[in-house]
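I opened this chain to look up its fold, its packing and a few single residues. My entries follow in the order I made them.

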Amino acid sequence: MFTGEDLILACSAIGAGLAVIAGIGPGIGQGIAAGYAASAVGRNPGAKGDITSTMLLGQAVAETTGLYGLVVAILLLFVKPLI
């Protein structure tokens, strides 16, 4: 029979798995951004510095979503407030 602690541990593990799924979106977005940046540099090599800096800034902003998901997953796995 399940106790309350077992239910909390199970829900924490499921929640951590779901939180890590948040890393899929930033990964896809960063790949698309890098592809478009490579295409733009191919069309206009003189603007390589501006394109690269803009791309890196956008990727850093997009990555915060994945990092928040990772932090939530770590908190769910290692912080047990009721145990």
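**Fold and ground rules**

I counted the elements first: the chain has three helices and zero strands. Helices (H or I, at least four residues) and strands (E, at least two) are DSSP runs, numbered from the N terminus. Read along the sequence, I get α-α-α.

I note that this is a predicted model, where local features need pLDDT of at least 70, side-chain atom pairs count only at pLDDT 80 or more, and totals for chains, interfaces and linings use all residues. Residues are numbered from 1 along each chain as its sequence is written, and side-chain values use heavy atoms, with hydrogens and water left out.

**Overall dimensions**

I looked up the radius of gyration, which is taken over C-alpha atoms. The chain has 19 Å, whereas a compact globule of 83 residues would have a value near 12 Å. The globule rule is 2.2 Å times the number of residues to the power 0.38. Along the principal axes, the C-alpha atoms fill a box of roughly 65 × 20 × 10 Å.

Next came the surface. The accessible surface of the chain is about 5,900 Å², and carbon and sulfur atoms hold 75% of that. Accessible areas come from the Shrake-Rupley method with a 1.4 Å probe; for residues, only the protein chains shown count as cover.

How many of the 83 residues count as buried? I find 16%. Buried means under 20% relative accessible area, exposed over 50%, partly exposed in between (1.4 Å probe, protein chains only).

I then checked contacts, meaning heavy atoms within 4.5 Å. Of those in the chain with a separation of 6 or more, 78% join residues 24 or more positions apart.

**Helix α3**

I did find a bend of about 25° at Thr-64 in α3. The bend at a residue is the angle between axes fitted to the seven residues ending there and the seven starting there.

Which residues of α3 are buried? They are Ile-51, Met-55, Gln-59, Gly-66, Gly-69 and Ala-73. These buried residues pack against α1 (4-20) and α2. A reminder to myself: an α-helix has 3.6 residues a turn, so residues three or four places apart point the same way.

**Nonpolar core**

The largest nonpolar core has five residues: Ala-37, Ala-40, Ala-47, Ile-51 and Met-55. At least two residues of this core come from each of α2 (24-43) and α3 (48-78). By definition, such a core is a set of buried Ala, Val, Leu, Ile, Met, Phe, Trp, Tyr and Cys residues joined through side-chain atoms within 4.5 Å.

I picked Ala-37, which sits in α2. Why does Ala-37 count as buried? Because its relative accessibility is 11%. Leaving aside neighbours within four places in sequence, Ala-37 is in contact with Ile-51 and Met-55. Ala-13 is 24 residues away along the chain, and its C-alpha lies 38 Å from that of Ala-37.

**Other residues checked**

Gln-30 is in α2. Not counting residues up to four places away in sequence, Gln-30 touches Gln-59, Ala-62 and Glu-63.

Asn-44 is in the loop between α2 and α3. I log Asn-44 as partly exposed, with 42% relative accessible area. C-alpha to C-alpha, Asn-44 and Leu-7 are 57 Å apart.
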